[in-house]
Amino acid sequence: TENIIINDISISVISLNGPSSTSIDGNYMGAVIDVDSQGDSILISGFTIKNGIGELLDEGSRYGGGILSHNTTLTLDSLIVENNESFAGGGICFYEMESSETHSIVQNSIVQNNIASEGGGIFTINQFLSVINSTIEGNGMTPYGSGGGIQALVANISIVDVHIINNHSRFGGGIYIGSTQADIENSIISNNLSDSKGGGIWVGSGSQLGIIKTLISDNISDGFGGGIFI
């Protein structure tokens with residue numbers, strides 16, 4: 001039970017026996033892991049990350065319930081991120097105030113049962129992000145918000161071999177893409193729910209989206225675009 005802060009250092013934090021054996025419990029005291037190492041590379045691998053509520057930023061809202069990254073080159077590998085909450089990025093938040101070339105990776109991970117108004121599972125803004133070989137399931141917030149599974153704003157995001165299932169939000173039950181370049185490949189977007197528009201995916205604000213070899217099925221919207229709203 002602890003909250004870990006990593007500042008201004010390149011480091012790898014790796015468990016010995018993986019996420020089923022090693023958990024970090026934030027005890028509802030802030031983000032479970034708060035990373036601010038601009039210019040450094042960080043690897044976090046093999047943990048269950050749970051019971052975080054994010055950090056209060058300048059806007060007065062909490063970001064990054066489980067993991068908060070401030071413009072850091074961060075690789076998250078073989079994690080289970082679950083049962084965290086915040087305003088944005090219930091599970092994971094990649095945050096930067098201005099446009100950045102910083103590129104982070106989420107791979108071989110499960111992000112599940114996290115709560116946030118913006119980006120229930122993952123939220124990214126002003127950065128590059130790759131989500132690879134992962135499951136984003138059961139995240140979001142009702143009846144408000146956007147991007148139940150993933151929300152990307154003013155970003156560049158690649159989603160490859162990812163299952164985005166059973167997430168829920170008002171706009172973009174599975175994914176919300178705003179002012180973003182996005183590519184989705186070899187993925188499944190299924191059984192997500194929107195209370196307004198875009199059961200599977202919401203796309204807007206001048207975004208560009210490419211979809212390759214991806215199944216979009218059994219998503220529901222109470223308004224427009226059961227599968228995709230553009």
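Asn167 touches Ile136, Glu137, Gly138, Asn139, Gly148, Gly149, Gly173, Gly174, Asn191, Asn192 and Leu193, leaving out residues up to four places away in sequence; contact here means heavy atoms within 4.5 Å. The model is predicted, so local features need pLDDT of at least 70 and side-chain atom pairs count only at pLDDT 80 or more, while totals for chains, interfaces and linings use all residues. Residues are numbered from 1 along each chain as its sequence is written, and side-chain values use heavy atoms, with hydrogens and water left out.

Asn167 sits in the loop between β20 (156–165) and β21 (168–171); strands are DSSP runs of E, at least two residues long, numbered from the N terminus. With a relative accessible area of 1%, Asn167 is buried (under 20%, 1.4 Å probe, protein chains only). Its side chain reaches the backbone oxygen of Ile136 at 3.1 Å and the backbone nitrogen of Gly138 at 3.2 Å.

Turning to the sheet, 9 strands form an open arrangement in the order β1-β4-β9-β13-β17-β19-β22-β26-β30, with parallel pairing; two strands pair if DSSP finds at least two bridges between them. At the edges stand β1 (4–7) and β30 (228–229), each with a single partner strand, so one side of each has no neighbour in the sheet. Within the sheet, 4 bridges join β17 (residues 122–125) to the parallel β19 (residues 150–153), and Phe123 has Gln151 of β19 as its bridge partner.

Finally, Ile67 is in contact with Ile33, Ile49, Leu74, Leu76, Leu79, Val81, Gly91, Ile92 and Cys93, setting aside its neighbours within four places in sequence.

Notes
Buried means under 20% relative accessible area, exposed over 50%, partly exposed in between (1.4 Å probe, protein chains only). A polar contact is a pair of N or O atoms within 3.5 Å; within protein, one must be able to donate a hydrogen and the other to accept it, and residues adjacent in sequence count only if both atoms are side-chain atoms.
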